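Please have the sequence and the structure open while I talk.

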Amino acid sequence: MTVYDDPLLNDIAERLGSDDPGIRRIAVLDLVDSGEPEAIDLLSLALRDPDINVRREAAKVVDEFDATEMANALLKALSDEDELVRNAAANALADLKDPAAATPLLRVLAESTDPFVVAGVLRALKPLRIPAAADAASNHLDAPDPRVRREAIGVLGYLREENSLPALIALARGDLDAEVRRAAVGTLLFGSPETVAETLIAALGDEHWQVRCEAANSIGKMRLKAGTDPLIQSTRDHLWQVRERAVEALGKLSAVKAIPCLGLCSRDDVSNLRKAAVAALGQIGHADGRPFVEEALQDPDPDVRKLARWAQERLRSIA
């Protein structure tokens, strides 16, 4: 057994070698209190423990350790039989954000056929911003598992990889998994309006509400004027979450022609939608919105009234 300078670590190491998994599990809890760099070695050991409860305990404290030295242990933990351990390892790898971890990550990505492992590695590669990550992600855009496709999309969006736009557009338009379509729609922000506008507008009519929300959000962020009329139509969506995103986007577009429908939304039963509508009327800052803003000053929701006062101040500057 390795001998440490810290007596607490020696005690923990001894308990991690116990035949009793309960003792080993308690020893993991004490690792966080040690504060010593060498504790990483013992935590890595605990992540490989034969007892699932010990590994789970180790997974719970992984985010307390910020060390690239744990990369190999975390990569192995991606293949753990327990979902909690796998998720903790994937999240910890993503938080490392150390370019030194790129080589082992890419090696595992090239060797593994386990969808969860591949997805976890792609998630960890995303913040590293290395060219090799773009190539690796592009190779997984047609993976059978939607988790892998989603993570690959995330990498390419983070890197703003323009060569991948045609593939991302295809996924946004036709992937069978709604979360994949949503992720693809969200990444199109880095494309030119001429390239992505048609796809984003089409996504406002997607069968899944989260895709429609993402499309409205992207259109607003990109200030796509061509999306004004489709967004106005989306303010009549049967789900208020979609209506809210459409209203927010219309505010960012300063869409004066949207004021009547924003006025209707400012009277909606859902307070979140009323808040978004009043805020959008303030952003647009047009006199036609004044009656709706003044009415919102009497809204039963204090947050709506607060936004109405802000919008009123903006409207007062209009001649």
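Predicted model: local features only at pLDDT ≥ 70, side-chain atom pairs only at ≥ 80, totals over all residues.

Let me start with Arg55, which is found in helix 4 (residues 52–61), where helices are DSSP runs of H or I with at least four residues, numbered from the N terminus. Residues are numbered from 1 along each chain as its sequence is written, and side-chain values use heavy atoms, with hydrogens and water left out.

Is Arg55 buried or exposed? Arg55 has a relative accessible area of 6% and is therefore buried, the term meaning under 20% relative accessible area with a 1.4 Å probe and protein chains only. Leaving aside residues up to four places away in sequence, Arg55 touches Ala46, Leu47, Arg48, Asp49, Pro50, Asp80, Glu81 and Val85, a contact being heavy atoms within 4.5 Å.

Helix 4 also packs with helix 2 (residues 21–34), at an angle of about 10 degrees and with the axes 9 Å apart; the axes are lines fitted to C-alpha atoms over the stretch in contact, and angles run from 0 to 180 degrees between N-to-C directions. Helix 2 and helix 4 are therefore roughly parallel to each other, as angles under 35 degrees count as such. On the helix 2 side the contact is made by Pro21, Arg24, Arg25, Val28, Leu29 and Val32, and on the helix 4 side by Asn53, Val54, Glu57, Ala58 and Val61.

A second pair is helix 8 (residues 115–125) with helix 10 (residues 146–159), packed at an angle of about 15 degrees with axes 9 Å apart, which makes helix 8 roughly parallel to helix 10.

Phe116 lies in helix 8 and is buried, with a relative accessible area of 10%. Phe116 touches Leu78, Arg86, Asn87, Ala90 and Arg147, again not counting residues up to four places away in sequence. Phe116 and Ser79 are 37 residues apart in sequence, yet their C-alpha atoms are 7.7 Å apart in space.

Finally, the largest nonpolar core has 111 residues, and among those with the most contacts inside it are Leu74, Leu78 and Leu231; such a core is a set of buried Ala, Val, Leu, Ile, Met, Phe, Trp, Tyr and Cys residues joined through side-chain atoms within 4.5 Å. Helix 8 gives the most to this core, with eight residues.

Technical notes. Buried < 20%, exposed > 50% of the residue type's maximum accessible area, 1.4 Å probe, protein only. Helix = DSSP H or I, 4+ residues; strand = E, 2+ residues; numbered from the N terminus. Parallel < 35°, antiparallel > 145°, perpendicular 65-115°, else oblique.
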